[in-house]
Amino acid sequence: MAAAIPVSEVDVRTIVNLPNEPAINDVLKAHSALALAYLKAYTKTEYYDEASGETPGADLATAYKFAFSFKLFESVIEFLNLKTIGTGIIKSTGIDDQAAELLTVKEIESYKKQFELRALTQVLDYLNTAGQNRYRELLTGSRSVRGTRACVISGDVEDDVWTT
């Protein structure tokens, strides 16, 4: 079995349902390194190394293949939406097919968040602390993790217990 990541442009297009256009392939290829860097930053080193090695396990390979594809799509969605690449991502067309409505900035941001969350969900079991924090942030919308502080005061400093 070959390395699970990086994933070919053909496989990425299949996973995220993109047409086979040279301009799309060029954009995907240009952003491939960013998706790899993202996965490397947010997953444990031993799992990333296995996924990019020659013999990844089947479950790990599948998880990283989809995570890479979702992260890559999240990275390029705003560029694919531009009219300079074919017709962009069209959400509706007019009666005469001359009028096309592209995604708005707000819609793109929503898609980006959802695809990043999907990428992290695929490799949830392999996330490092930074990845777990980013996953939690995407789920809750909060950058900081709130905790409860409690203290048991007994009168003896050595017996006092602090928890967070």
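How many helices and strands are there in the protein chain? The protein chain has 6 helices and 4 strands, and along the sequence they follow the pattern α-α-α-α-β-β-α-α-β-β. The model is predicted, with an average pLDDT of 83 over the protein chain.

**Confidence**

- A pLDDT of at least 70 is reached by 74% of the residues.
- Among the elements, helix H3 (residues 45–52) has the highest mean pLDDT, 96.
- Strand E1 (residues 90–93) has the lowest mean, 50.
- Where pLDDT is low, the predicted coordinates should not be read in detail.

**Overall figures**

- The protein chain has 164 residues, of which 35% count as buried.
- Among contacts with a separation of 6 or more, 59% join residues 24 or more positions apart.

**Nonpolar core**

- In soluble globular proteins, nonpolar side chains tend to be buried together.
- The largest nonpolar core here has 38 residues, and Ile-5, Leu-39, Tyr-64 and Phe-68 have the most contacts inside it.
- Two or more residues of this core come from each of helix H1 (9–16), H2, H3, helix H4 (58–80), H5 and helix H6 (129–140).
- H4 gives the largest share, 12 residues.
- Leaving out residues up to four places away in sequence, Tyr-64 touches Ala-4, Ile-5, Leu-39, Thr-43, Lys-44, Tyr-47, Tyr-48, Ala-51, Val-123 and Tyr-126.
- Two of these partners of Tyr-64, Ile-5 and Leu-39, are also among the residues with the most contacts inside the core.

**Aromatic rings and charges over them**

- The whole structure contains 6 aromatic pairs.
- One of them is the edge-to-face pair of Tyr-38 and Tyr-42, with 4.7 Å centre to centre and 80° between the planes.
- Tyr-38 and Tyr-42 are separated by about one helical turn, because they lie 4 residues apart in helix H2 (residues 22–42).
- Tyr-38 has 10% relative accessibility and therefore counts as buried.
- The charged end of Lys-71 sits over the ring of Tyr-38, at 4.0 Å from the ring centre.
- Phe-66, Phe-70, Phe-73 and Phe-115 are linked into a cluster by ring pairs.
- Phe-70, a member of that cluster, has the charged end of Arg-118 over its ring, 4.5 Å from the centre.

- The C-alpha atoms of Arg-118 and Ser-69 are 9.9 Å apart, while the two residues are 49 positions apart in sequence.
- Arg-134 lies in helix H6; its relative accessible area is 19%, so Arg-134 is buried.
- Beyond its neighbours within four places in sequence, Arg-134 contacts Tyr-38, Tyr-42, Glu-116 and Leu-120; Tyr-38 and Tyr-42 are the two residues of the edge-to-face pair described above.
- Arg-136 is in helix H6 as well, and a relative accessible area of 33% makes Arg-136 partly exposed.
- Arg-136 and Leu-117 are 19 residues apart along the chain, with 9.4 Å between their C-alpha atoms.

Key
Residues are numbered from 1 along each chain as its sequence is written. Side-chain values use heavy atoms; hydrogens and water are left out. pLDDT is the predictor's confidence in each residue, from 0 to 100. Rings of Phe, Tyr and Trp (its six-membered ring) pair if their centres lie within 6.5 Å; planes under 30 degrees apart count as stacked, over 60 as edge-to-face and the rest as tilted. Buried means under 20% relative accessible area, exposed over 50%, partly exposed in between (1.4 Å probe, protein chains only). A charge sits over a ring if NZ of Lys or CZ of Arg is within 6 Å of the ring centre and within 35 degrees of the ring normal. A nonpolar core is a set of buried Ala, Val, Leu, Ile, Met, Phe, Trp, Tyr and Cys residues joined through side-chain atoms within 4.5 Å. Contact means heavy atoms within 4.5 Å.
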